[in-house]
Amino acid sequence: MDTVERLDGRALLAIAIALLTWSSAYAAIAYALPAFTPGEVAFARLLIGSLCFAALLLVKRVPLPARRDWPQLALLGVLGLSVYHLCLNYAETRIASGTASILISLVPAATAAVSAFWLRERLTLRTWIGLAVALIGTVLVVLASGQRVEVDPHALLVLVCVAVSAIFFVGQKALFARSSMVGVTAFAMFAGTLGTLPFGWHLPQALAAASWPHIGALLWLGIAPTFIGYLAWNMAVNRASASRVSSFIYLSPPIALLIGWLWLHEVPNALILVGGAITVGGVVLANARRRAAPAAIVPVKPVEACERC
């Protein structure tokens with residue numbers, strides 16, 4: 001499958017959908033955790049996402065990837081989905097959301113590093129500077145929003161999330177060239193669901209005892225951030241480089257604050273606006289492409305008359 005290695009309109013729309021759905025996941029997880037264990041939340045959302053992908057495969061008649069890619073995809077699914085969601089859910093029960101937000105913001109830089117090593121993507125100095133600037137802006141947004149930031153050993157779980165996310169994004173990108181994007185995403189989701197199965201054995205009993213709002217939070221997690229979010233994200237990664245697409249993760253905290261401003265009328269202070277502007281500027285800088293140099297005009301020497309003619 002040929003990929004369009006540029007951020008066109010479709011890629012930007014897919015990124016926007018993914019970020020909007022993913023930004024809602026943190027609140028939904030926090031809402032569901034009082035009624036379910038972290039493992040049950042991870043298994044439930046991945047199971048719902050897998051059911052949605054299975055229906056999509058049947059309706060669209062999309063084939064699964066070639067069997068030679070199954071071991072790699074299974075490993076990616078367990079790392080990028082099972083390990084990621086289990087670590088994130090357990091971390092959210094112990095550490096402050098501000099700490100998690102700042103650490104998760106390391107995903108773009110980690111993805112860029114893995115892309116450079118695995119896919120041999122050449123990243124310019126401008127890209128690295130843009131990623132650093134966007135990270136500074138994200139930290140300012142988190143700190144200025146009043147979220148608590150603390151040093152806690154459980155923060156290491158979030159660093160695990162950062163590492164496996166980078167491997168997951170780049171590893172899938174390498175398979176899009178020879179398999180359907182939907183098929184690759186679906187197979188990884190199936191593998192990730194199986195990876196969390198041991199942590200969800202008691203989910204039926206928990207569902208019977210839970211209230212409908214808590215069950216609704218699980219349904220939202222499975223349909224919006226998991227099914228729609230990952231599908232939209234991989235659509236963008238399929239059309240552009242993983243490092244460039246991942247740089248937009250820096251926009252998650254500003255987007256969450258913007259939603260709070262428009263929906264809950266939570267007016268941000270000046271420092272939040274400054275941090276958001278810095279973040280946006282860093283993302284723009286990281287994705288700016290240097291203009292191609294104009295082709296040099298090579299002077300054509302006049303043809304000398306042949307003396308023999």
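**Exercise 1: A residue of helix 4**

L79 is partly exposed, having a relative accessible area of 26%, where "partly exposed" lies between buried (under 20% relative accessible area) and exposed (over 50%), computed with a 1.4 Å probe on protein chains only. The model is a predicted one, in which local features need pLDDT of at least 70 and side-chain atom pairs count only at pLDDT 80 or more, while totals for chains, interfaces and linings use all residues. Residues are numbered from 1 along each chain as its sequence is written, and side-chain values use heavy atoms, with hydrogens and water left out.

Task: State where L79 lies and which residues L79 touches, not counting residues up to four places away in sequence.

Solution. Step 1: L79 belongs to helix 4; helices are DSSP runs (H or I, at least four residues), as strands are (E, at least two), numbered from the N terminus. Step 2: leaving aside residues up to four places away in sequence, L79 touches Y84 and V164, a contact being heavy atoms within 4.5 Å. Step 3: V160 lies 81 residues from L79 along the chain, and their C-alpha atoms are separated by 9.6 Å.

**Exercise 2: The chain as a whole**

Task: Determine how many helices and strands the chain has, and what share of its residues is buried.

Solution. Step 1: the chain has 14 helices and zero strands. Step 2: of the 309 residues in the chain, 49% are buried. Step 3: among contacts between residues at least 6 apart in sequence, 91% join residues at least 24 apart.

**Exercise 3: Two helix pairs**

Task: Describe the packing of helix 2 with helix 4 and of helix 3 with helix 9.

Solution. Step 1: two packed helices are described by the angle between their axes and the distance between the axes. Axes are lines fitted to C-alpha atoms, for helices over the stretch in contact, and angles run from 0 to 180 degrees between N-to-C directions.

Step 1: helix 2 (residues 25-32) and helix 4 (residues 70-92) pack at an angle of about 65°, and their axes are 10 Å apart. Y26, I29 and A30 of helix 2 make the contact with Y84, L88, N89 and E92 of helix 4. These residues divide into five nonpolar, one polar and one charged, where Ala, Val, Leu, Ile, Met, Phe, Trp, Tyr, Cys and Pro count as nonpolar, Asp, Glu, Lys and Arg as charged, and the others, Gly among them, as polar.

Step 2: helix 3 and helix 9 pack at an angle of about 150°, with 9 Å between their axes. The residues of helix 3 in this contact include A42, F43 and L46, and those of helix 9 include V182, G183 and T185. By class, the contact has 12 nonpolar, seven polar and no charged residues.

**Exercise 4: S82 and its surroundings**

Task: Decide whether S82 is buried or exposed, and state which backbone oxygen its side chain reaches.

Solution. Step 1: S82 is found in helix 4. Step 2: S82 is buried, because its relative accessibility is 2%. Step 3: its side chain reaches the backbone oxygen of G192 at 2.6 Å. Step 4: beyond residues up to four places away in sequence, S82 touches L46, G77, A191, G192, G195 and T196.

**Exercise 5: Two loop residues**

Task: Locate F199 and R61, and classify the exposure of F199 and of R61.

Solution. Step 1: F199 is in the loop between helix 9 (181-196) and helix 10 (203-209). F199 is partly exposed, because its relative accessible area is 38%. Step 2: F199 and G39 are 160 residues apart in sequence, yet 4.8 Å apart in space, C-alpha to C-alpha. Step 3: R61 is in the loop between helix 3 (38-60) and helix 4. R61 counts as exposed, because its relative accessibility is 75%. Step 4: the phi of R61 is near 55°, a positive value in a residue other than glycine.

Notes
Polar contact = N/O pair within 3.5 Å; in protein donor to acceptor, adjacent residues only side chain to side chain.
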